[in-house]
Amino acid sequence: MNFFFEVLVGGLLSGVMYSLVALGFVLIYKASGVFNFAQGAMVFFAALTYVGLLELGWPWWLSVPATLVVMVLVGLLTERFVLRPLVNQPQISLFMATIGLTFFIEGVAQLAWGANVRGLELGVQDEPIQWIMDSSGINLSKFDLMAAVVAAVLVTLLALFFSRTRIGRALRAVADDHQAALSVGIPLQYIWAIVWGVAGAVALVAGLLWGARNGVQYALTFVALKALPVLILGGFDSIPGAIVGGLIIGATEKLFEVYVGSRYLGGGTEGWFPYVLALLFLLVRPEGLFGEKIIRRI
């Protein structure tokens, strides 16, 4: 039983980090209805910029705010030069624009800082918490716990910000109906700029955590793909859905890998099981657990 709880808790902690990546998608989608395919590239760019500044001799306490400023600027520039010129264009045009933006950000990042794989240390080792192991026999990683706490705090703060503040209420109005929001005086472009700036900040936190776990490398751009099952389960426009979806994906992929994949399928199921689960979920509830149901009248 201790082993089961160890696997479950480890999966839930990983799920919180998945939620952090999915949150960047949710923020953009709620404000503009755009699936920002470039979110993974932003995560990679943030981690690479932070490590690059450290290599230049900057202290970490200066590199973090400097990278934050850079990522907020990336978000603001994206809104100004990519999203704004495509207002009222078909959604597929906006989606294709974010795909092009992905390759542009990846190229700029590697041009500026190089393409070598780098390590990233946050001061917390990926080793068991001894007193938990001694008291319960459960092997819980210090890094996983720290990453989950940081991700959970950020997700909670953003959820409160967008649910309790005037900007959050304006965001919900924009998400419901752009034209109606404009008619009551909500500055649409101002809201978009704020959301893209926040998405850049979220990409920084996700980049630091995932970079410390997997190394700062090009593969970080594919972190975005792991958020897709989370979004499908939770709903593309729901912050609580991103949290719940991340926990479900994190827990189920670990349990399936340990109790089914490694025993009967030769392992490696963590790479594809979340997508199979999401596909099955689409057949039952395509709008997600917390997504708004779409009713079309003919």
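The structure holds 12 aromatic pairs. Here rings of Phe, Tyr and Trp (its six-membered ring) pair if their centres lie within 6.5 Å; planes under 30 degrees apart count as stacked, over 60 as edge-to-face and the rest as tilted. One of the pairs joins phenylalanine 4 and phenylalanine 5. Their ring centres are 5.7 Å apart and their planes stand at 70 degrees, so the pair is edge-to-face.

This is a predicted model, in which local features need pLDDT of at least 70 and side-chain atom pairs count only at pLDDT 80 or more, while totals for chains, interfaces and linings use all residues. Residues are numbered from 1 along each chain as its sequence is written, and side-chain values use heavy atoms, with hydrogens and water left out.

Phenylalanine 4 is partly exposed, with a relative accessible area of 31%. Phenylalanine 5 is partly exposed too, at 36%. The cut-offs are these: buried means under 20% relative accessible area, exposed over 50%, and partly exposed in between (1.4 Å probe, protein chains only). Phenylalanine 256 and tryptophan 272 form another pair. Their centres lie 6.1 Å apart and their planes are at 75 degrees, so this pair is edge-to-face. The pair links distant parts of the chain, 16 residues apart. Phenylalanine 256 sits in helix α11 (residues 239-264), and tryptophan 272 in the loop between α11 and α12 (273-284). Tryptophan 272 is partly exposed, at 40% relative accessibility. Ring pairs also build a cluster from Phe25, Tyr29, Phe35, Phe37, Phe95 and Phe236.

Now the overall fold. The protein has 12 helices and zero strands. Helices (H or I, at least four residues) and strands (E, at least two) are DSSP runs, numbered from the N terminus. The radius of gyration is 20 Å, close to the 19 Å that the globule rule gives for 298 residues, so the protein is as compact as a globular protein of that length. That radius is taken over C-alpha atoms, and the rule is 2.2 Å times the number of residues to the power 0.38. The C-alpha atoms fill a box of roughly 60 × 55 × 35 Å along the principal axes.

Of the 298 residues, 45% count as buried. Contact means heavy atoms within 4.5 Å. Among contacts between residues at least 6 apart in sequence, 73% join residues at least 24 apart. The accessible surface comes to about 14600 Å², and 67% of it belongs to carbon and sulfur atoms. Such areas come from the Shrake-Rupley method with a 1.4 Å probe; for residues, only the protein chains shown count as cover.

Helix α3 (residues 60-83) carries glutamate 79. Is this glutamate buried or exposed? At 1% relative accessibility, glutamate 79 counts as buried. Leaving out residues up to four places away in sequence, glutamate 79 touches Arg84, Gln189, Trp192, Ala193 and Trp196. Glycine 75 is also found in helix α3. Glycine 75 is buried, at 0% relative accessibility. With the sequence neighbours up to four places away set aside, Trp196 and Gly197 touch glycine 75.

Move to helix α1 (residues 2-32), the place of glycine 15. Glycine 15 has a relative accessible area of 0% and is buried. Beyond residues up to four places away in sequence, glycine 15 touches Gly246, Leu247 and Gly250. Glycine 15 and alanine 148 are 133 residues apart in sequence, yet their C-alpha atoms are 8.3 Å apart in space.

Phenylalanine 162 belongs to helix α6 (residues 142-164). Phenylalanine 162 counts as buried, at 4% relative accessibility. Not counting residues up to four places away, its contacts include Leu27, Leu171, Val195, Val198 and Ile239, along with Arg169 and Arg172.

Finally, a loop. Tyrosine 218 lies between α9 (188-214) and α10 (223-234). Its relative accessible area is 35%, and tyrosine 218 is partly exposed. Which residues does tyrosine 218 contact, leaving aside its neighbours within four places in sequence? They are Phe44, Glu106 and Gln110. Glutamate 106 is 112 residues from tyrosine 218 along the chain, and the two C-alpha atoms are separated by 8.1 Å.
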